[in-house]
Amino acid sequence: MVTLVRVSKEYLRGGTLVMALQEVTLDVSQGEFCALVGPSGCGKSTLLNLVAGVDHPTGGEILLDGRSTSGFVDRDWTRLRREFVGMVFQAFHLIPGLTAEENIALPLLLNGLRGKEVGLRVGECLESVGMRHRQHHRPGELSGGEQQRVAIARALVHRPQLILADEPTGNLDSASGAEVVALLRSLPQQTGQTVIMVTHSEAAALQADRLYRMKDGRVEG
Ligand code: ADP
């Protein structure tokens, strides 16, 4: 589903070359819940950003669903993010002025979907993250754990095959964090979706089917 072949990423910072990723090779199968764990600065977010096409490798190749992305132009990445990938962030990134259901509907509206189908899909997603009773609440009226559930529903609403979660428990207490991880864990089991979660929480990482430890831009296995 997601294959990295000797992927490297270098940044030039103030005249110095920073090797954020060094020849990383890994293979995540469809329906796998995979965790990338490691200390701050080891390259976890960089790796996730490369898979999402937010940033591009300086070496190596990324294959998604068996297709090389090497020849991708911006439009291909945009389409991929819209159709294939759902993203979850540490800081939720919900729109404060919109209710839970409006936040969740947004990706569908941006994809051009209108009418009854939007309400149906949003309802389904609210249900699947256990937030139906909070559908009219704005993010400011929700706890951190609830906001992250809404953010996960928003990431799922266009039915992506791949979910990328960057420190999804980073802003949560341990109980809400465990609930959010359990929710992400349930996706591959229920829908066959693939989840890649970046975390520095050992407790979160231990829930994964597969755990990759990263250090200094390398994957240790
Ligand atoms: P992590 O997510 O594990 O904390 P990152 O992937 O954010 O690590 O960063 C890996 C390394 O790459 C760090 O040394 C970081 O400072 C550097 N880095 C990340 N993004 C950039 C950037 N846009 N410009 C320069 N250096 C960067």
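The following dialogue explains how to read several features of this predicted model.

Colleague: Which conventions apply to the numbering and to the values?

Modeller: Residues are numbered from 1 along each chain as its sequence is written, and side-chain values use heavy atoms, with hydrogens and water left out. The model is predicted, so local features need pLDDT of at least 70 and side-chain atom pairs count only at pLDDT 80 or more, while totals for chains, interfaces and linings use all residues.

Colleague: Which residues are around the ligand?

Modeller: A residue is near a molecule or strand if one of its heavy atoms lies within 4 Å of it. Here the residues around the ligand are Tyr11, Arg13, Val18, Ala20, Pro39, Ser40, Gly41, Cys42, Gly43, Lys44, Ser45 and Thr46.

Colleague: Which elements each supply at least two residues of this shell?

Modeller: Helices (H or I, at least four residues) and strands (E, at least two) are DSSP runs, numbered from the N terminus. Strand E1 (2–13), strand E2 (16–28) and helix H1 (44–52) each supply at least two residues of the shell. H1 gives the most, with three residues.

Colleague: How do the residues of the shell divide into nonpolar, polar and charged?

Modeller: Ala, Val, Leu, Ile, Met, Phe, Trp, Tyr, Cys and Pro count as nonpolar, Asp, Glu, Lys and Arg as charged, and the others, Gly among them, as polar. By that scheme the shell has five nonpolar, five polar and two charged residues.

Colleague: What is a polar contact?

Modeller: A polar contact is a pair of N or O atoms within 3.5 Å; within protein, one must be able to donate a hydrogen and the other to accept it, and residues adjacent in sequence count only if both atoms are side-chain atoms. With an oxygen atom of the ligand, a backbone N or O atom of Gly41 is separated by 2.7 Å. For a polar side-chain atom of Lys44, the distance to a ligand oxygen is 3.0 Å, and for a side-chain N or O atom of Thr46 a ligand oxygen is 2.5 Å away. Taken alone, the ligand exposes 560 Å², of which the protein buries 66%; such accessible areas come from the Shrake-Rupley method with a 1.4 Å probe, and for residues only the protein chains shown count as cover.

Colleague: Which residues of helix H3 are buried?

Modeller: Buried means under 20% relative accessible area, exposed over 50%, and partly exposed in between (1.4 Å probe, protein chains only). In H3 (residues 100–110) the buried residues are Ala100, Asn103, Ile104, Ala105, Pro107 and Leu108. Their cover includes helix H4 (116–128) and helix H5 (144–156). After H3 comes Gly112, whose phi is positive, near 90°.

Colleague: Why does Asn103 count as buried, and what does Asn103 touch?

Modeller: Asn103 counts as buried because its relative accessibility is 0%. Contact means heavy atoms within 4.5 Å. Not counting residues up to four places away in sequence, Asn103 touches Leu94, Ile95, Leu98, Pro139, Val150 and Arg154. A polar atom of the Asn103 side chain lies 2.7 Å from the backbone nitrogen of Ile95, and a polar atom of that side chain lies 3.1 Å from the backbone oxygen of Leu98.

Colleague: Why does Gln147 count as buried?

Modeller: Gln147, in helix H5, counts as buried because its relative accessibility is 16%. A polar atom of the Gln147 side chain is 3.2 Å from the backbone oxygen of Leu142. Beyond neighbours within four places in sequence, Gln147 is in contact with Phe92, Leu94, Pro139 and Leu142.

Colleague: Which residues touch the most other members of the largest nonpolar core?

Modeller: In soluble globular proteins, nonpolar side chains tend to be buried together. A nonpolar core is a set of buried Ala, Val, Leu, Ile, Met, Phe, Trp, Tyr and Cys residues joined through side-chain atoms within 4.5 Å. The largest core here has 37 residues, and Phe33, Ile104, Val122, Val150, Ile152, Leu184 and Met197 touch the most other members. H5 gives the largest share of this core, six residues. Apart from this core lies another, of 29 residues, among them Leu21, Val51, Trp77 and Met214.

Colleague: Where is Glu32 found, and why does Glu32 count as buried?

Modeller: Glu32 is found in the loop between E2 and E3, and Glu32 counts as buried because its relative accessibility is 12%. Leaving aside neighbours within four places in sequence, the contacts of Glu32 include Asp27, Pro188 and Arg210.
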